[in-house]
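Please read the numbered points alongside the sequence and the model.

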Amino acid sequence: MSSKRTTLSAFAAMCAIGLLPAILPAQATGTTTFNAPYRAFANSEIGVLVSFPDGGGTAFEGAYRVSSGKFDIGFKGGIFSPGGGGSTALLIGVEGRERVLSHNEDFPLDGALIVGAGASLVSGGSALIVPVGLSLGRRIDLQDSPVSIVQYVQPTAFFIADGGGHVDFDLGLGADFRLTRRFDARLSAGIGDIQGISIGAIWVH
C-alpha cells in the first residue's frame with residue numbers, strides 16, 4: 001500500500017509540473033499520444049484521438065491496435081489542421097509495444113519498450129518521425145468500483161527527419177481510465193522539446 005501511495009504522489013507531482021507550461025506532442029505521428037506500459041485489451045482496441053499542439057491547431061486520428069503474446073502493434077491515421085490558413089497535414093504511423101518489466105517488492109512499476117515509425121505529410125514540410133521510449137507505470141484499482149486507472153511516465157527520444165535530421169527528447173505523462181469493461185478514456189501530456197495535450201476515447205475487445 002505504501003509503494004502504491006508513493007507512486008501516486010510522484011505521478012501527481014510530475015503532472016502538476018508538466019501542465020504548468022504547455023504540454024506536449026509526441027509518438028509516431030507527431031501528436032501527444034503516449035502509451036501505458038501494458039494494453040487494456042485481450043484481442044484488439046479501436047478509438048479516436050484528438051490532440052492540441054502548443055503552437056496551435058488540432059489533430060484528429062483514428063487508432064487500431066492488436067495483440068500477440070506480450071507484444072502488441074498499433075496503427076494510426078488522421079489529419080493535422082494548423083489553423084491560420086496553414087496547409088493540412090496527413091498523419092500516418094505504426095507503434096509496437098513489448099512488455100519488459102513487471103513490478104515486484106523492490107521495484108513498484110511495470111514497464112514496456114515503445115518503438116514506432118510515422119510521418120506528417122504536407123507539401124513543403126513533411127517529416128519522418130521514429131520514437132523510441134520506455135513506458136513505466138502501474139494500474140490502480142479503485143475500491144468498490146469497476147473503474148481503474150493506469151498512471152504512467154514515458155521518457156522518449158524522437159529521431160526526426162524533416163529536410164535535415166535531429167533528435168528531440170520528451171517526458172510523457174499519461175493516465176488511462178477504464179470506465180467500463182469495454183471503454184477507456186485516455187489523457188496524455190508531457191515535458192520536453194515538443195509540447196501539446198491529447199485526449200482519447202477507446203473501445204476495447
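In which sense do β1 and strand β10 pair, and over how many bridges?

1. β1 and β10 (residues 196–204) pair in the antiparallel sense, over nine bridges; pairing requires at least two DSSP bridges between two strands. Ile46 has Trp203 as its bridge partner in β10. Strands here are DSSP runs (E, at least two residues), numbered from the N terminus.

2. This is a predicted model, in which local features need pLDDT of at least 70 and side-chain atom pairs pLDDT 80 or more, while totals for chains, interfaces and linings use all residues. Residues are numbered from 1 along each chain as its sequence is written, and side-chain values use heavy atoms, without hydrogens or water.

3. Strand β1 (residues 44–53) is also joined to β2 by eight bridges, and the two run antiparallel. Their hairpin has four residues between the strands, and Gly56 there takes a positive phi near 110°.

4. Arg65 lies in β2 (residues 58–68), where Glu45 stands opposite Arg65. Is Arg65 buried or exposed? Arg65 counts as buried because its relative accessibility is 6%, the limit for buried being under 20% of relative accessible area (1.4 Å probe, protein chains only).

5. The Arg65 side chain makes polar contacts with the side chains of Asn35, at 3.0 Å, and Glu95, at 3.3 Å. A polar contact is a pair of N or O atoms within 3.5 Å; within protein, one must be able to donate a hydrogen and the other to accept it, and residues adjacent in sequence count only if both atoms are side-chain atoms.

Note on methods
Buried means under 20% relative accessible area, exposed over 50%, partly exposed in between (1.4 Å probe, protein chains only).
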